[in-house]
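This report describes how two chains meet and how parts of one of them are arranged. Please look at the sequence and the structure before reading on.

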Amino acid sequence: MTKKRNPRVKLTVSLTLISAILGLMLALQYKNTKAATEEYSRIPTKDPRAAYTADQLKRIKESNKSLEQEIEKLNKKLHTLVKEAADFDKQAVSPELRDELTKYKIMAGLLPVKGPGITFTVADSRRDASNPDDLKYLITHDSDLRMIVNELLVAGAEAVAINDQRITTTTGIVCIGPTVMINGVSVPQPFEFKAIGNPTTLISALENKGGVIEVLSAPENKRFLTISPRKQSPSVTLPGYVGDYNGLKQ
Amino acid sequence: MKVNHRVTMFFVSVLLGAMLTVQFTALNRPKAEDVEPYVDNLQLTAELSQERERNRYFESDLKRLENQIRMFESKSDNHAAIAKAIEDELAKTKRLAGTTDMVSNGLLITIEPPSNASLAVGTATYPMLLGELLYQLCQTLNSNGAQAVAVENHRLTSLSSIRTISEVITNVNRTAINTQTITIKAIGNIEQMKIGLNTMKPTFIEYLGKEIKAQEVTNGALKVPAYDKPVDFTYAKPEGDKNL
């Protein structure tokens with residue numbers, strides 16, 4: 001009689017244990033699923049029209065990017081043809097004329113240029129704002145970028161670009177809402193600066209006591225922007241500007 | 001009994017399987033941070049319109065460059081034609097570089113002590129340098145369609161800087177200017193430049209106690225002089241060139 005009861009008891013105990021564990025797992029599963037559903041419902045649903053517009057915007061930006069590269073290639077080709085014309089017949093096309101054209105093309109920002117200089121990036125602070133009023137000190141403003149560009153030019157920079165947007169006669173660096181616009185193009189952070197000039201002079205100008213780097217990153221100024229170390233390079237390349245100079249080029 | 005056991009085991013397995021499936025799908029559900037943020041369609045449409053305009057401009061500029069290159073290649077034996085083309089190109093380039101006078105419609109802007117003397121002290125709790133604000137004003141004009149800007153007849157170009165040295169000295173293109181009343185000439189889209197200017201007026205009053213006044217010049221007679229400093233590039237060379 002005992003032998004017959006023992007297996008039944010064992011089975012009952014096992015099944016009870018399994019049911020208890022299953023019940024626990026069910027409860028946990030229900031809780032997790034509920035939490036996941038609540039999180040998902042907080043995600044704002046995308047406007048299908050906005051999704052379509054965003055897709056069109058992405059395509060046209062890609063097309064514009066490749067047109068810009070094509071224009072830059074043709075500008076370089078034109079420059080080469082002018083050089084060859086001057087090399088071939090110095091009487092008809094004097095080297096002085098050729099050199100004048102090159103010089104003003106560099107000044108206008110039409111030609112991509114290369115030379116010794118510096119590169120560095122500026123980005124928003126990595127700190128969390130202790131209160132909402134402090135947020136403005138932690139983000140990169142258009143005024144910060146202008147300050148740096150101005151300082152580089154005072155220090156003799158011959159060409160400057162931010163995120164490959166070349167500084168020209170008609171460049172505007174402004175904020176439209178939360179977005180920085182340079183040459184009419186929206187430019188996201190981090191902001192990569194490239195400048196061609198005497199590297200030592202450029203770095204000294206930025207790193208002077210009370211200078212721009214200190215103003216933008218010293219705790220006592222309440223600015224904590226993330227500024228990478230200024231890197232000297234014997235060869236910094238800046239692209240040409242391909243815009244229309246506010247209609248002046250047409 | 002045996003049948004009961006099997007039935008019980010069957011239901012337990014089904015339940016376990018269902019739980020595993022639900023857990024798997026919950027794990028693979030997109031997280032909040034993986035979903036693109038909601039973007040206003042109006043903002044996207046405005047950006048799309050801007051990019052379409054750029055696209056039109058790029059297409060036309062590409063055609064212009066291709067024609068120019070074709071002309072150079074086809075007239076490679078006609079050196080007089082090539083020389084003329086290069087001279088024309090030089091004239092256009094100097095215009096873009098800011099090294100020629102420009103005469104057209106635009107705004108004649110003055111920054112002066114305010115008509116209401118009580119505003120003359122400025123109200124900000126920290127000082128704002130004149131140079132910084134002037135630079136911001138010129139960049140705002142550029143972002144609003146200015147084609148040529150001069151501060152106290154010093155033309156702004158890609159090499160220009162504006163710097164306040166002291167309370168009484170502000171340099172534009174490394175030349176000190178009169179800071180009592182500052183004159184800025186700007187050729188370009190008058191209506192658009194006025195919109196940009198209006199955003200700067202409160203800032204000048206608040207930080208410098210100075211008023212911005214603008215007069216429209218629509219008879220084509222506003223002259224913005226050429227950049228007058230020597231231009232020489234010691235470091236910057238065209239990419240791919242061995243020497244200038």
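Buried area is the accessible area, found with a 1.4 Å probe, that two parts lose on being put together, summed over both. Between chain A and chain B this area is about 8700 Å², and carbon and sulfur atoms give 66% of it. Three residues, A:Met107, A:Glu158 and A:Leu248, supply 9% of the area that chain A buries against chain B, more than any other three residues. The model is a predicted one.

**The interface**

In terms of contacts, 98 residues of chain A touch 85 residues of chain B. There are 30 residue pairs in polar contact between chain A and chain B, counting pairs with both residues at pLDDT 80 or more. Which elements of chain A give two or more residues to the side that touches chain B? They are helix 1 (2-42), helix 2 (48-88), helix 3 (95-108), strand 1 (113-123), helix 5 (142-154) and strand 4 (173-176) of chain A. Helix 2 of chain A provides the largest share of that side, with 25 residues. Sorted by class, the side of chain A that touches chain B holds 48 nonpolar, 28 polar and 22 charged residues.

A strand pairing also crosses between the chains. Strand 1 of chain A is joined by 2 bridges to strand 9 (residues 237-238) of chain B, and the two run antiparallel. In this pairing A:Lys114 stands opposite B:Lys237.

**Salt bridges**

Side chains of opposite charge can pair when their charged atoms come close. Over all chains the count comes to 25 salt bridges, and the count between chain A and chain B is 7. The table gives two examples.

| Side chain | Partner | N to O distance |
|---|---|---|
| A:Glu151 | B:Arg163 | 2.8 Å |
| A:Arg223 | A:Asp144 | 2.7 Å |

The pair of A:Arg223 and A:Asp144 meets in a salt bridge. This pair links distant parts of the chain: A:Arg223 is in the loop between helix 7 (212-217) and strand 8 (226-227) of chain A, whereas A:Asp144 is in helix 5 of chain A, 79 residues apart.

**A sheet in chain A**

In chain A, 3 strands form an open sheet in the order 4-5-6, with antiparallel pairing. Why do strand 4 and strand 6 (185-187) of chain A each have one side without a neighbour in the sheet? Both stand at the edges and each has a single partner strand, so one side of each is left without a neighbour. Neighbouring strands of this sheet are turned by 40° against each other on average, direction ignored.

Strand 4 of chain A is joined to strand 5 (residues 179-182) of chain A by 4 bridges. Within this pairing, A:Ile173 stands opposite A:Ile182 in strand 5 of chain A. Helix 5 of chain A lies across strand 4 and strand 5 of chain A, and runs at about 175° to strand 4 of chain A.

**Two backbone details**

The peptide bond from A:Gln189 to A:Pro190 is cis, with omega near 5°. A:Pro190 is found in the loop between strand 6 and strand 7 (191-196) of chain A. Another detail is at A:Asn163, where phi is near 45°, a positive value in a residue other than glycine. A:Asn163 is in the loop between strand 2 (159-162) and strand 3 (165-166) of chain A.

Key:
Residues are numbered from 1 along each chain as its sequence is written. Chains are lettered from A and ligands numbered from 1 in the order in which they are written. This is a predicted model: local features need pLDDT of at least 70, side-chain atom pairs count only at pLDDT 80 or more; totals for chains, interfaces and linings use all residues. Side-chain values use heavy atoms; hydrogens and water are left out. Contact means heavy atoms within 4.5 Å. A salt bridge is a side-chain nitrogen of Lys or Arg within 4 Å of a carboxyl oxygen of Asp or Glu. A polar contact is a pair of N or O atoms within 3.5 Å; within protein, one must be able to donate a hydrogen and the other to accept it, and residues adjacent in sequence count only if both atoms are side-chain atoms. Ala, Val, Leu, Ile, Met, Phe, Trp, Tyr, Cys and Pro count as nonpolar, Asp, Glu, Lys and Arg as charged, and the others, Gly among them, as polar. Two strands pair if DSSP finds at least two bridges between them. Axes are lines fitted to C-alpha atoms, for helices over the stretch in contact, and angles run from 0 to 180 degrees between N-to-C directions.
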